[in-house]
Amino acid sequence: PRENEDIGASILEKAAANTTIIVTTSLIKSHPSTEMIDEVVDSFKFLDGLPANTPIVIAVDGPNEKATEDDRTRLHQYIQNLRSSRLGQSSHVTIISATKKVHILGNIHHALQYTTTKYVYIVQHDFAFLRSVNHKALVK
């Protein structure tokens with residue numbers, strides 16, 4: 001019986017590790033600050049059983065046709081700030097950006113091209129986890 005428990009735990013560990021998190025983001029007034037997305041990524045600690053090195057794809061939507069030059073500059077600086085931040089320097093984080101506005105669906109579609117895992121969380125840059133989520137139970 002103990003042997004079966006160990007096998008079951010091992011299967012759960014593998015399932016939990018077979019996950020990617022996609023974070024969609026687009027131009028907002030607080031950019032080029034990364035404070036909001038940092039809080040969202042920090043909230044992944046509430047995903048109980050999720051490995052610390054879970055792949056994260058940050059998908060930045062491009063500017064729309066009405067974007068001002070200031071908007072484009074802030075978005076470009078935001079992307080630069082992301083890439084030079086602790087997130088951008090993490091080996092399990094990939095930052096991608098669209099050259100034009102593709103909206104959330106296009107952003108997700110683009111990010112999915114960078115995933116190979118069975119399970120995917122799709123999180124927006126302004127929706128942090130506030131309570132514990134039993135990740136292992138979700139992928140069981």
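In what order do the 4 strands of the open sheet stand? The order is β4-β3-β1-β5, and the pairing is parallel.

## Basis of the model

This is a predicted model, in which local features need pLDDT of at least 70 and side-chain atom pairs count only at pLDDT 80 or more, while totals for chains, interfaces and linings use all residues. Residues are numbered from 1 along each chain as its sequence is written, and side-chain values use heavy atoms, with hydrogens and water left out.

## Overall make-up

The protein has 5 helices and 6 strands. Helices (H or I, at least four residues) and strands (E, at least two) are DSSP runs, numbered from the N terminus. Along the sequence they follow the pattern α-β-α-β-β-α-β-α-β-β-α.

Of the 140 residues in the protein, 37% are buried. Buried means under 20% relative accessible area, exposed over 50%, and partly exposed in between (1.4 Å probe, protein chains only). The protein exposes about 8,500 Å², and carbon and sulfur atoms supply 53% of that area. Accessible areas come from the Shrake-Rupley method with a 1.4 Å probe; for residues, only the protein chains shown count as cover. Among contacts (heavy atoms within 4.5 Å) between residues at least 6 apart in sequence, 81% join residues at least 24 apart.

## The sheet

Strands of a sheet pair through backbone hydrogen bonds, either parallel or antiparallel. Two strands count as paired if DSSP finds at least two bridges between them. In the order β4-β3-β1-β5, the edges are β4 (93-97) and β5 (119-124); each has a single partner strand, so one side of each is left without a neighbour in the sheet. Neighbouring strands are turned by 20° against each other on average, direction ignored. For such angles, axes are lines fitted to C-alpha atoms, for helices over the stretch in contact, and angles run from 0 to 180 degrees between N-to-C directions.

Strand β1 (residues 19-25) is joined to β3 (residues 56-60) by 5 bridges, and the two run parallel. Val-57 in β3 is the bridge partner of Ile-22, and Val-60 in β3 is that of Thr-25. β1 also pairs with β5 in the parallel sense, over 6 bridges, with Thr-19 opposite Tyr-119. In β1, 7 of the 7 residues are buried, so this strand is largely enclosed by the rest of the structure. Thr-19, Ile-21, Val-23 and Thr-25 point one way from β1, and Thr-20, Ile-22 and Thr-24 point the other way.

Which residues of α4 are buried? They are Asn-107, Ile-108 and Ala-111. These cover an arc of only 100° around the axis, which puts them on the same side of α4. The arc is that of the directions from the helix axis to the C-beta atoms. On the other side of α4, His-103, Leu-105 and His-109 are exposed.

In α2, the buried residues are Ile-37, Asp-38, Val-40 and Val-41. Seen down the axis of α2, they fall within an arc of 160°, so they line one face of the helix. They pack against β1, β3, α3 and β5.

## The nonpolar cores

In soluble globular proteins, nonpolar side chains tend to be buried together. A nonpolar core is a set of buried Ala, Val, Leu, Ile, Met, Phe, Trp, Tyr and Cys residues joined through side-chain atoms within 4.5 Å. The largest core has 21 residues, of which Ile-21, Ile-37, Phe-44, Ile-56, Ile-58, Val-60 and Leu-82 touch the most other members. β1, α2 (35-42), β3, α3 (69-84), β4 and β5 each supply at least two residues of this core, and the largest share, 4 residues, comes from α3. A second, separate core of 5 residues includes Ile-22, Val-57, Ala-59 and Ile-96.

Leu-47 is found in strand β2 (residues 47-48) and is buried, with a relative accessible area of 2%. Not counting residues up to four places away in sequence, Leu-47 touches Ile-21, Tyr-121, Phe-129, Val-133 and His-135. The C-alpha atoms of Leu-47 and His-135 are separated by 5.4 Å, although these residues are 88 apart along the chain.

Thr-34 lies in the loop between β1 and α2. Thr-34 is buried too, with a relative accessible area of 14%. Leaving aside neighbours within four places in sequence, Thr-34 is in contact with Tyr-78, Asn-81 and Leu-82.
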